[in-house]
Structure formats: structure tokens, C-alpha cells
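Me: I am new to this structure. Please take me through it in short questions and answers.

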Amino acid sequence: MFSTTIKSGASDKSYFGGKGQDGVYQTIINEIPKCHDYWEIFAGNASIFRRLTNKAKRSFLIESNHKQAKRLAHSLQLPLISLDYLVVYVLPIEEEGAWVVWGSAFQILTKRTEGYLPDTIGTYIFVDPPYPLSTRSSNNRYLHELTDGQHELLLTKLLQFENAQIGITTYPNAMYEERLTDWRKTIYSSVTRSGQVRTEHMYLNYEPPQKLQDTYYIGKDYRERETLKKQQKNWAKNFAQMHKHQRQAIIEKLIKLL
């Protein structure tokens, strides 16, 4: 497991459909449980991965557009690999790191049983597909759109997972609501390029996590997050001033609570 500084990138905030807005990425990250492998299968500009201050041991950013995949790899200074290279040379070993993978979500989901996306405990899949066309209030388009049939297929493939924990974001729509009726749902707001406030849904196939992958953004809004950070800073200062045996005793007590 490794930590990193937050790398936004000049194009991150303006990337159509991206999740880099203040209040959006914090909400999403606060739903990501502790995981060994982290996947973004519609990476785009990888807004959530960029803002994770505590990365999973392994992260895989899947992007179907080759030009965008190259741009993403260059921006994040990560290796760009193919799906076949991923399966043959990366997944079988336990090397820590992150990779941009040129390939589509449907390719990797269709070949799931061949080991392309292991359905294992400790795997987290963040799914941020293009918004269904019927839900949009503008004419903005993705490089690779999804038809309603492809959205149905995507949900069918994701519902086949039994162990991996999955989070899916979208605008409210009947298809997702009906297909994911048994999944937990978090509701948040985003702002479109035209300044319109929109409601978004994040569907989750797991209960509220006991442990988060990244606690940096805990808090329901900016004010609460800042209050919590000040509390943590004061606690850390007081802790550092204690005798080492007292610190040890406190740590042992806290470990029992986790």
C-alpha cells in the first residue's frame, strides 16, 4: 500500500462526466472500502484515483480510447499496457503499483471468467459509465457513448460478481433503479458545465464500509472536514508530547477497537 500527493491535472475539472468537483469526489471516496485491488473500468481522466491519498496496493485504470489512455498515462506518469499484458504479466504477480490499461470495460467484463477482472474479496470496482442519453440536459458527448442496450449489458455483467465490491455512479434513471433495486444508494449533487445543479446516484453492492481505503476526506461537507482535520492535528500534537510508554499503551488500546 502506498500514499501519494493529489494530482489533479489541468484538464481534470473540465473533463465531461468527470468526478473531480468539490463535494463529489469526497462523497465517492468516503464510500470506498479498504481494498487490495482498485479498478476504474471507465477511467476517462481518473478523477477518483487522482484524489485518493492512500492508494490500494494495485490500481488498474481501464480506458477504451487509445489517445486518452496515452494522455492519462503521461499525466499520471504510469505505464500504459494492453489487456493481454495485464493478464499475462501483471495480475499473476503481487507487485504493487498502478497501471493504465488500454481496453474497454466490456472486454474486461466479458473475459472476467478468464481472469481479466478477478471476482475476489479485496477487489473494488469503481464504475463511472457515460450518463444514459435520456438523462442529459445538454448535447455534450463522450468519445465512446453507450446505448441503452449497452447499459443493460453492463449492469448484467456487474450483477454477476459475488465477491468484489462495486460502486456505480449515474444520473437518476429507471433502468439503474430497477436493475439495482437491492443495492445501497448514496445521493449527491453535481454541477454541469452550464451551471445547472444535478442529482447523481451512487449504487453500492455492499454495506457501509467498516474501514475506508482513504480517510483524508471524512466529513459530510467542507466545514465538518476542516473541523475533523483540526481535531486530528491537535490530537497528534498531544500524542507526540506523551512519554513513549504512554503512547504505546494508547496505541494498544486503539488497536483493540479497530
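**Aromatic pairs and a buried strand**

Reply: Tyr-38 counts as buried, at 1% relative accessibility. Buried means under 20% relative accessible area, exposed over 50%, partly exposed in between (1.4 Å probe, protein chains only). This is a predicted model: local features need pLDDT of at least 70, side-chain atom pairs count only at pLDDT 80 or more, and totals for chains, interfaces and linings use all residues. Residues are numbered from 1 along each chain as its sequence is written, and side-chain values use heavy atoms, without hydrogens and water.

Me: Is Tyr-124 buried or exposed?
Reply: The relative accessible area of Tyr-124 is 0%. That makes Tyr-124 buried.

Me: How many aromatic pairs does a search of the whole structure find?
Reply: Rings of Phe, Tyr and Trp (its six-membered ring) pair if their centres lie within 6.5 Å. Planes under 30 degrees apart count as stacked, over 60 as edge-to-face and the rest as tilted. Searching the whole structure gives a total of eight.

Me: Are the rings of Tyr-38 and Tyr-124 stacked or tilted?
Reply: Their centres are 6.3 Å apart. Their planes meet at 10 degrees, so the pair is stacked.

Me: Which strands hold Tyr-38 and Tyr-124?
Reply: Strands (E, at least two residues) are DSSP runs, numbered from the N terminus. The pair ties together parts 86 residues apart in sequence, because Tyr-38 lies in E2 and Tyr-124 in E7.

Me: How many residues of strand E7 are buried?
Reply: Strand E7 covers residues 123-127. The rest of the structure largely encloses E7, because the buried residues number five of the five.

How values were computed: Helices (H or I, at least four residues) and strands (E, at least two) are DSSP runs, numbered from the N terminus.
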